[in-house]
Amino acid sequence: ATKDAPQDHIGNGGELHQVAGGDSPVLTTAHGAPVQDDNNSLRAGDRGPTLLEDHAFREKIFHFDHERIPERVVHARGYGAHGVFECHESLSDLTRASVFAEAGKQTETFVRFSTVAGNLGSFDLARDVRGFATKFYTDEGNWDLVGNNIPVFFIQDAVKFPDLVHSVKEEPDRGFPQAQSAHDTFWDFASLMPESTHMTLWQMSDRAIPRSFRMMEGFGVHTFRFVNAAGEGTFVKFHWKPVLGMQSVVWNEAVKINGADPDFHRRDLFDAITAGDFPQWELGVQVFDDAFADAFDFDVLDATKIVPEELVPVRTVGTMTLNRVVDNVFAEIEQVAFMTQNVPPGIDFTNDPLLQGRNFSYLDTQLKRLGSTNFSQLPVNAPRCPVAHFQRDGHMQTSTQPGRAAYEPNSFTGSDRGPREAGPDGHVPFPEQVEGPTRRIRAASFRDHYSQARQFFLSQTDVEQGHIVAAYVFELGKCEIPAIRARMVANLRNVDESLAARVADGLGMPLPAASEAAAPLVETEPSP
Ligand code: HEM
């Protein structure tokens, strides 16, 4: 878990010679040929042109020219580490997922924490949602729990995701602002999309400026399914609770830290792990059945809602410990490819329309970013269980799966024959009942955008409410277009009159009429 102390990096017994020998291996080309001289290109004569035949020089420049890959379209700035998850008790009554098979069962993990809006080189302490993505290398394939540190989301349907992200990214005609929510375009979008109200309250709260990745909660956000060996399903929500407790900084601290050390969060995680102070999170689940879900006055398929913990307590089922920093940031943290569709047998999706869209998106985006259909073979992405299939070839293929037949059915035998389907031992989809005509109208159960937002605001202490008000005032104060500000404050009247009044006061504007708030854009079905 430790890295060499800095003084050990001054090698060669203090001699600064630059030729191979002692603990310095021979410098080679990428193809292994020893390089004679790494300081002078091959030239004709004393002051003549560089020669094409200097292949070592050409290879060095060629590789450098191609070093960059596209940064993630969202969550570009992140940092990660390796760890292990230990299950506290068997959950076999609920799920056949091997990661929860028995008390003491250990599964290796890799976690990447991130900001969402900022570019790769942006600062760590932006007011933003944080990604909390965990890859569990289970015995039956990778399980990617690709969550955030806030339990709800801005939108209900994945079709709005590009719009949401475009509103928060730099504006196309000027290339700023980046990595912050102080945007005309973001508040324009949010004020026109009342379904984002609950999430913006969390975003304006102290949760959005965490003290450390080690002191953040994490949430799977969506309602997922647990499925047991008998094929019985329950709903499940996933929670990560930091053992160090949850801590945030205040805005003035965040601003100073960003100026003094834009790498504050990544440095903090690296320093803690290399010092042997391993951060830990308890994994909690909220489990409930369909009948219980039907009794809620909101829809469990709506990612803008939480399942209140007083109704369904969080049950702690395991502990994750991050105990090893990466050897190489690019190879591991940049090339790790999380995908919500990676679920092992025993864990399944629900019809949450945001989750369904994500299940399409991540495969696409990883191909674009990593450039080869074989990105699953990169060490950080490769399952730690046997892999056998009939997919073949493609750019950067490293698999040497033996055998003659790359199709099924085939009549070969032995190692020529290849793998066969697992049947009931495979990932059996939960037999969800689906009925009704195809349609785009959103269900009435997705309609209430304010009750949980109000409950969240009222659940905060006076000091925390003050921080939320101050955050709205600061962020909306950066909005140059008064009508956007007014529409947003009018929208807050639907949450809590005192919140709206305090924000209007802070902005030095009259309280806008409630009628200035935007009505939901989307058509919902009439109430039953
Ligand atoms: C990346 C979470 C919604 C598309 C990520 C990452 C996280 C995350 C944590 C970073 C993964 C990493 O560290 O490598 C979430 C959560 C969502 C959500 C919690 C809502 C509940 C969506 C939706 C879409 C989407 C609706 C598209 C329909 C993407 C894409 C990336 C990404 C394209 C970049 C992936 C990459 O290049 O590696 N998301 N996301 N996300 N997400 Fe989401």
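**Burial and the ligand shell**

A: Arg72 counts as buried because 22 C-beta neighbours lie inside 10 Å; the cut-offs are 20 or more other C-beta atoms within 10 Å for buried, 12 or fewer for exposed, and partly exposed in between, with C-beta atoms placed from the backbone. This is a predicted model, where local features need pLDDT of at least 70 and side-chain atom pairs count only at pLDDT 80 or more, while totals for chains, interfaces and linings use all residues. Residues are numbered from 1 along each chain as its sequence is written.

Q: Where does Arg72 lie?
A: In the loop between helix H1 (55–65) and strand E1 (78–87); helices (H or I, at least four residues) and strands (E, at least two) are DSSP runs, numbered from the N terminus.

Q: OK, ligand now. How many residues surround it, and which are the closest?
A: The ligand is surrounded by 28 residues, and the closest are Arg72, His75, Arg112, Gly131 and Ser361. Being near means a C-beta atom, placed from the backbone, within 6 Å.

Q: Which element gives the most to that shell?
A: H9, with 8 residues.

Q: And Arg369, where is that, and is it buried or partly exposed?
A: Arg369 is in helix H9. With 16 C-beta neighbours inside 10 Å, Arg369 counts as partly exposed.

Q: What is Arg369 in contact with, leaving aside neighbours within four places in sequence?
A: Ile69, Pro70 and Arg72, where contact means C-beta atoms, placed from the backbone, within 7 Å.

Note on methods
Two residues are in contact if their C-beta atoms, placed from the backbone, lie within 7 Å.
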